[in-house]
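Subject: Model handover and findings

Hi,

Here is the structure I promised. Please open it alongside this note. My findings follow below it.

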Amino acid sequence: MTLTHIQQVTDGVLVNAITNRVSSYAKDASGAGHVYVETAGGNYSRWRTPSRNLISTILGVHSPTLSGSTQLDAYRPLFLPTILIGDSRLGGISSTISTYESLLLRGYIVDAVLLFREDYYQNWEYLASYFAEKDVPVTAIPPPPTRLPSPQEDIVSLEKYYKNISESESSGLSQVIAQLTERHEYRLDELDSMPARTHTRIWWPFVQHSSTHPNPESITVIASAHKDYFSVYNNNRARGSEDTESLLGYKFDGSASWWTQTLGHSNPILTLAAARAAGRYGHVLFPQSTHLPALNLAETLLAGPGKGWASRVFYTDNGSTGMEVALKMALRAYTKKYPVDGDAGDRAKKLGVLGLKGSYHGDTIGVMNACDAGDGVYTCEWHESKGFWFDPPSLTLQQGQIVITLPSSLQDLASRCGVNEKDLTWIGTRDSLSAAYGVDKRLDTALAQVYKEFIERSLDNIRTEIAALVLEPLVMGAGGMVFVDPLFQRVLVDVVRSRPPPVKPSAEGRWSGIPVIFDEVFVGTYRMGLQTTSTVLGVHPDISVYAKMLSGGLVPLATTLAREEIFEAFVGERKDQALLHGHSYTAYPVACEVANETLRQISKLTESEDWMNARRKWTGEAPADDLAAGAVRVWSFWDPEFVDGLSKLKSVKGVMTLGCVLAIKIDDGGRGEVADFYTSLAQSSRFRLTKDIGLVPLKRS
Ligand SMILES: Cc1ncc(COP(=O)(O)O)c(C=O)c1O
């Protein structure tokens with residue numbers, strides 16, 4: 001084998017080869033059998049895998065594979081149960097326990113510990129009681145015979161040894177096999193029973209639990225998750241049937257688990273980050289105290305997306321609560337800045353926000369009230385939309401050109417002001433992306449004037465007192481992946497900041513007009529290929545919120561960043577003037593540490609060749625120079641040719657992409673012929689669609 005051949009043995013190749021081999025064993029097998037990963041807690045030169053149904057890690061669990069990754073990481077997609085071969089020598093207790101912990105950190109299930117019966121150190125005695133607490137049986141088997149000088153004689157002696165230990169009752173091996181069978185059966189019973197148990201016990205979000213839908217058979221049983229895939233239980237397959245297909249299959253996590261995944265499921269770097277913070281702190285209360293994970297994360301965010309405007313970071317648990325806090329901050333800052341005499345309480349209760357139709361900020365009541373009632377998705381009795389929402393113009397790539405679709409409310413004004421088709425279209429997939437997002441250059445166009453006039457006129461007619469502008473910058477995700485014309489959002493921010501104040505301001509802060517909140521829960525932390533969307537819009541918010549990808553899809557966390565002037569609105573003599581909002585798990589050290597690690601990993605990725613190449617394909621320049629010069633160039637992880645091709649497909653109404661997001665609007669002519677689209681997509685592209693894509697409906701659709 002040449003070096004090139006060795007380098008080609010990726011983990012994928014290895015895992016596929018093992019899968020094929022195991023499948024062929026299963027086909028040949030006369031009865032039930034086991035396939036286990038056998039991992040060594042120490043270096044066993046005399047240990048031979050006694051069965052072909054064992055995948056031996058050889059040497060230690062962290063010994064590298066040919067790709068360079070550790071064996072534990074390489075075999076993880078197989079999600080096979082494990083027999084840990086303990087170490088009976090001096091130091092063996094430690095290496096066995098360390099191996100066990102490494103296995104657990106990667107999600108392996110350890111079904112048994114085997115080790116040699118070594119009478120001097122008697123490691124098995126200690127390990128038996130250690131593992132008894134973990135409900136893992138430990139079996140000590142007689143050690144192998146001393147190696148003989150002649151290889152032939154050595155083989156004969158080992159064969160005899162294996163025969164003895166496998167046949168003799170006293171060796172304990174038959175008991176181990178029985179235990180493995182029992183555990184295997186238990187696992188299958190558990191997987192089999194999960195849908196029915198779930199059906200009567202779980203109350204899912206966003207699911208109608210009527211008598212017909214969903215039924216237990218339709219429930220996806222996720223046995224584990226790795227990188228971009230779920231390992232799902234095939235519960236339709238009869239147990240004990242002649243069918244030799246695996247009981248577990250892969251399903252692509254098409255929604256990245258509600259857009260939380262950053263570096264893939266069960267990422268060992270993030271798992272270790274969680275473990276080190278859990279080991280050091282667990283959870284600790286936060287008010288008037290501090291810890292490194294929270295402090296470091298705050299400083300990283302202030303030097304990153306908060307650079308140049310934010311000075312404070314407030315922690316909560318998820319996007320909805322991060323946005324609740326943002327609203328509380330904005331409302332207080334507004335009322336402090338624009339005080340009125342008289343019934344301030346009544347006035348404050350009626351304050352509203354400005355936003356865009358179709359926006360989404362979460363499911364807690366406060367943020368629901370900051371959204372347009374829209375298509376009736378908000379059915380909560382206390383829900384009361386408070387404010388005004390603009391129908392926004394949106395961008396789509398159609399037939400290789402970006403087209404702005406104006407809402408009907410804007411069309412008349414636009415044509416009266418001479419805006420024509422040319423002003424609403426850019427030709428060429430690559431070039432049009434840069435042109436459409438070159439917001440600064442578009443500010444003196446006729447369309448910008450139309451937007452300004454339209455916004456001002458609308459604001460003049462609003463009766464509700466507006467206390468904040470709340471935007472999902474660039475893309476409204478849950479509202480249907482709407483790519484809002486960034487020029488509209490920019491003009492909206494400029495207008496609300498430059499309008500005459502409703503009453504005389506109490507003090508001039510660096511924020512003018514009303515506070516602007518950017519909800520970057522979906523678009524933030526590089527989902528759009530950029531650290532923050534502010535750079536594209538060319539304006540900073542006064543408050544912004546990050547969640548989802550921030551903590552790598554491992555633990556929940558949200559942060560709300562604010563300008564110092566917003567913070568100061570809560571500074572006073574009395575406690576009730578402070579921001580009285582806190583969650584039990586505020587600044588949860590485990591989540592903060594995972595977020596720190598996630599951001600560190602993303603930062604490394606941004607400097608990687610792959611990242612630069614993807615950028616280069618869209619921007620056409622040396623991305624490093626471009627970045628150094630501080631230029632903002634939008635781009636996509638999706639290949640421009642692929643996106644261009646997609647936009648020209650018969651059954652595609654429109655496409656749009658930025659960063660990781662690729663939105664495709666399918667035109668099925670109202671006939672439900674989505675399958676045709678998948679076929680043409682699969683034929684036309686270099687991308688393969690997996691049979692099972694785990695897509696979930698968007699929250700609001
Ligand atoms: C833009 C935006 N804001 C807020 C939220 C709410 O976040 P969470 O589901 O973490 O509460 C979401 C969730 O999809 C979102 O997309």
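First, a definition: a residue is buried if 20 or more other C-beta atoms lie within 10 Å of its own, exposed if 12 or fewer, and partly exposed in between, with C-beta atoms placed from the backbone. By that count M194 is partly exposed, because 17 other C-beta atoms lie within 10 Å. M194 belongs to helix α7 (residues 173-201). Helices (H or I, at least four residues) and strands (E, at least two) are DSSP runs, numbered from the N terminus. M194 and N235 are 41 residues apart in sequence, and their C-alpha atoms are 9.6 Å apart in space.

Two notes on the source. Residues are numbered from 1 along each chain as its sequence is written. The model is predicted: local features need pLDDT of at least 70, side-chain atom pairs count only at pLDDT 80 or more, and totals for chains, interfaces and linings use all residues.

**Overall**

The chain has 701 residues, and 35% of them are buried. Its secondary structure comes to 25 helices and 22 strands. Two residues are in contact if their C-beta atoms, placed from the backbone, lie within 7 Å. Of the contacts with a separation of 6 or more, 69% join residues 24 or more positions apart.

**Ligand shell**

The shell holds 15 residues, and N318, G319, S320, G362 and V521 come nearest. Helix α11 (residues 319-337) gives the most to this shell, with three residues. By type, the shell divides into six nonpolar, six polar and three charged residues. Here Ala, Val, Leu, Ile, Met, Phe, Trp, Tyr, Cys and Pro count as nonpolar, Asp, Glu, Lys and Arg as charged, and the others, Gly among them, as polar.

Two strands pair if DSSP finds at least two bridges between them. Seven strands form an open sheet in the order β9-β20-β19-β18-β15-β10-β11, with mixed pairing. β9 (312-316) and β11 (387-390) are the edge strands, and each pairs on one side only. From one strand to the next, the twist averages 20°. Axes are lines fitted to C-alpha atoms, for helices over the stretch in contact, and angles run from 0 to 180 degrees between N-to-C directions.

Strand β10 (residues 352-356) pairs with β11 in the parallel sense over four bridges. There, G355 has W389 of β11 as its bridge partner. Helix α10 (residues 292-303) packs on the sheet and touches β9, β19 (543-546) and β20 (558-562). The direction of α10 makes about 125° with that of β9. α11 packs on the sheet too, touching β9, β15 (466-471), β18 (516-519), β19 and β20. The direction of α11 makes about 20° with that of β20.

Y315 has T559 in β20 as its bridge partner. Four of the five residues of β9 are buried, so the strand is largely enclosed by the rest of the structure.

**Three-stranded sheet**

Another open sheet runs β6-β7-β8, with antiparallel pairing. β6 (222-226) and β8 (248-252) stand at the edges with a single partner strand each, so one side of each has no neighbour in the sheet. The twist here averages 30° from one strand to the next. Strand β7 (residues 229-233) and β8 pair over five bridges. F230 has K251 in β8 as its bridge partner.

**Cores**

A nonpolar core is a set of buried Ala, Val, Leu, Ile, Met, Phe, Trp, Tyr and Cys residues joined through C-beta atoms within 7 Å. The largest has 116 residues, of which A330, A468 and L469 touch the most other members. α11 supplies the largest share of this core, eight residues. Beyond its neighbours within four places in sequence, L469 has contacts including L354, L492, V493 and I514. Apart from this core lies another of 19 residues, among them Y100, V113, F116 and I141.

**Backbone points to check**

Most residues other than glycine have a negative phi. W259 has a positive phi, near 65°. W259 lies in helix α8 (residues 256-259) and is buried, with 21 other C-beta atoms within 10 Å. M481 also has a positive phi, near 55°. M481 sits in the loop between β16 (475-476) and β17 (482-483). M481 is partly exposed, because 18 other C-beta atoms lie within 10 Å.

Best wishes

Terms used. Near = placed C-beta within 6 Å.
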